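Student: I would like to go through the side-chain contacts of this protein. Please show me the model.

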Amino acid sequence: MRLSQRGAPVIAILVLLLAVPYDAASHTARTAPHARVADGDRRTEPTEPFGAECRVAVTGSEVTAYCHNPYPETDAVSLHIECDRWWDIDSDGAPRPAGAAETVRLTGRCWKEVRSAWVSHARTGD
């Protein structure tokens, strides 16, 4: 029996649809619980909002971050810079306190290109 030219594409599509592996089927994504959602096994106390909002800008080999803390608790912010070249020294800035309603400026640089830059946050013992 010979397939007609019209039937061949239809059969090819059916074969491709049936050949899709089981893992390729869409499933509901399993994600970790949200950081502020209490785990069912342990009790957590509600915490006050914390953390300065930081904006990091890279211009050539220089990095500037502005961090504004809208909360009453002091946030110790540190600028971290990863340089692109293997011989260029990465840097981790010293923690700088950002008090309530305060904006701080953090700066750093690489000799050549910047691969990535980010700000870390820490609670202080105030």
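Tutor: We can start with Glu73, which at 27% relative accessibility counts as partly exposed; buried means under 20% relative accessible area, exposed over 50%, and partly exposed in between (1.4 Å probe, protein chains only). This is a predicted model, in which local features need pLDDT of at least 70, side-chain atom pairs count only at pLDDT 80 or more, and totals for chains, interfaces and linings use all residues. Residues are numbered from 1 along each chain as its sequence is written, and side-chain values use heavy atoms, with hydrogens and water left out.

Student: Which side chain meets that of Glu73 in a salt bridge?

Tutor: A salt bridge here is a side-chain nitrogen of Lys or Arg within 4 Å of a carboxyl oxygen of Asp or Glu. The N to O distance of this one is 2.7 Å. The partner of Glu73 is Arg123.

Student: How many residues apart in sequence are the parts that Glu73 and Arg123 tie together?

Tutor: The side chains of Glu73 and Arg123 meet in a salt bridge. Glu73 lies in the loop between β2 and β3 and Arg123 in strand β7, so the pair ties together parts that are 50 residues apart in sequence. Strands are DSSP runs (E, at least two residues), numbered from the N terminus.

Student: Over which ring does the charged end of Arg123 sit?

Tutor: The rule asks for NZ of Lys or CZ of Arg within 6 Å of the ring centre and within 35 degrees of the ring normal. For Arg123 the distance from the ring centre is 4.2 Å. The ring is that of Phe50.

Student: Which residues are linked with Glu82 in a network of salt bridges?

Tutor: Glu82 forms a salt bridge with Arg115, with the closest N and O atoms 3.5 Å apart. Glu82 lies in strand β3 and Arg115 in strand β7, so this pair ties together parts that are 33 residues apart in sequence. The residues linked with Glu82 in the network are Asp84 and Arg115.

Student: Is the disulfide of Cys54 and Cys67 right-handed or left-handed?

Tutor: A disulfide is taken as a pair of cysteine sulfur atoms within 2.5 Å, and Cys54 and Cys67 are joined with S to S 2.1 Å. Cys54 lies in strand β1 (residues 53–59) and Cys67 in strand β2, so the pair ties together parts that are 13 residues apart in sequence. The torsion about the S-S bond is about 115°, so the disulfide is right-handed.

Student: What is the torsion about the S-S bond of Cys83 and Cys110?

Tutor: These cysteines are joined with S to S 2.0 Å, and both Cys83 and Cys110 are buried. Cys83 and Cys110 form a left-handed disulfide, because the torsion about the S-S bond is about -95°.

Definitions and conventions
Helices (H or I, at least four residues) and strands (E, at least two) are DSSP runs, numbered from the N terminus.
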